[in-house]
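Dear colleague,

I am handing over a structure to you with this email, and below it you will find my notes on what turned up when I went through it. Please keep the view open while you read, so that you can look up each place as it is named.

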Amino acid sequence: CVPPSLRQAILCFLLSTVVRRLREPGPQFNSMLVHVVRFTNVQGIVKEEVEAELNAILNRLQHGDGSRAPTIADELKDLWETDYIPTTASSGAGYKLPDWDSVIPLLLRVTLSIEVRAINGSALDALDYEQHKETGLTIVAIGGDKLSRGLTLEGLTVSYFLRSSRMYDTLMQMGRWFGYKDKYLDVCRLYTTPELAAWFRHIAAATEELRLEFDYMVSIGATPKQYGLK
């Protein structure tokens, strides 16, 4: 089974997708990124586990929870009240969440629409957005190097990123987590580790330092050869 953090990320993906559908009616792309390891055989196992978890959630939404407590609806509502409501309220960007009563009817439909795909060099799955522009596409993309080298994930809301790396091409995926999400930045979620968060801070600081060096070089009228950029 998937770890609790990944299960929570999947539940967040359901809620974030529902919010987007209520805010932006019509066909749209919604994506969740799962990047835990670079080995394709392990990615295949992760895909199977994610599919099993989604099926379990779907069964509970369709047929009820039996004697299980809390119910799946209770879990989702708790996440909504303890995470989504305060996060959106504190965003300062004027976002508004729909009423919970509007969210409930869409949870089953969203879960039914999700496809789980392994995106790597040996996989047959592909992100065929063009073929789905009239209908939309909601996917959980599981991958490694192929995802870390610039493959676009349209409508990315939830990222589950645990792969330990100091390589800049892998770390630069952080650029997908922020920006270009004016209508739904408040429902974007990132799951990662303290170590990776430290490396992301490092690369962000290095990038900003380089930009400042460029600005200063221009302000004094120097060329790169004269200035000697490090």
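**A group of aromatic rings**

W100 is buried, with a relative accessible area of 13%, and please keep in mind from the start that this is a predicted model. When rings are taken to pair if their centres lie within 6.5 Å, the count comes to four aromatic pairs. In one of these pairs, W80 and Y84 have ring centres 5.7 Å apart and ring planes at 10° to each other; because planes under 30 degrees apart count as stacked, this pair is stacked. Both residues belong to helix α3, which covers residues 72–89, and they are four residues apart, about one turn of the helix. Are W80 and Y84 buried or exposed? W80 is buried, at a relative accessible area of 3%, and Y84 is buried too, at 0%.

W80 also pairs with W100: here the ring centres are 5.6 Å apart and the planes stand at 50°, so this pair is tilted. Since W80 lies in helix α3 and W100 in helix α4 (residues 100–113), the pair ties together parts that are 20 residues apart in sequence. Taken together, W80, Y84 and W100 form one aromatic cluster.

The protein chain has eight helices and five strands, and, read from the N terminus, its elements follow the order α-β-α-α-α-β-β-α-β-α-β-α-α. An open sheet of five strands is arranged as β2-β3-β1-β4-β5, and the pairing is parallel. Which strands stand at the edges of the sheet? They are β2 (114–119) and β5 (189–191), each of which has a single partner strand, so that one side of each is left without a neighbour in the sheet. On average, and with direction ignored, neighbouring strands of this sheet are turned by 15° against each other.

With strand β3 (residues 137–143), β2 pairs in the parallel sense over six bridges. Along this pairing, E115 stands opposite I139 in β3, and R117 has A141 of β3 as its bridge partner.

In β5 you will find L190, which is partly exposed, with a relative accessible area of 37%. The C-alpha atoms of L190 and F161 are separated by 7.6 Å, although these two residues are 29 residues apart along the chain. Helix α1 (residues 4–23) lies across β1 (29–35), β2, β3, β4 (156–161) and β5, and runs at about 165° to β1.

**Cysteines, a peptide bond and the whole chain**

How many disulfides does a search of the whole structure find? The search finds zero disulfides. As for the cysteines themselves, C1 is exposed, with a relative accessible area of 85%, whereas C188 is buried, with a relative accessible area of 15%.

Most peptide bonds are trans. A cis peptide bond, however, joins A69 and P70, with omega at about 0°, and P70 is found in the loop between α2 (40–63) and α3.

For the chain as a whole, buried residues make up 43% of the 230 residues. Of the contacts in the protein chain with a separation of 6 or more, 75% are accounted for by residues 24 or more positions apart.

Technical notes
Residues numbered from 1 in each chain as written. Predicted model: local features only at pLDDT ≥ 70, side-chain atom pairs only at ≥ 80, totals over all residues. Heavy atoms only, no water. Phe/Tyr/Trp six-rings, centres within 6.5 Å; stacked < 30°, edge-to-face > 60°. Helix = DSSP H or I, 4+ residues; strand = E, 2+ residues; numbered from the N terminus. Buried < 20%, exposed > 50% of the residue type's maximum accessible area, 1.4 Å probe, protein only. Pairing = 2+ DSSP bridges. Axes fitted to C-alpha atoms, helices over the stretch in contact; angles between N-to-C directions. Contact = heavy atoms within 4.5 Å. Disulfide = S-S within 2.5 Å.
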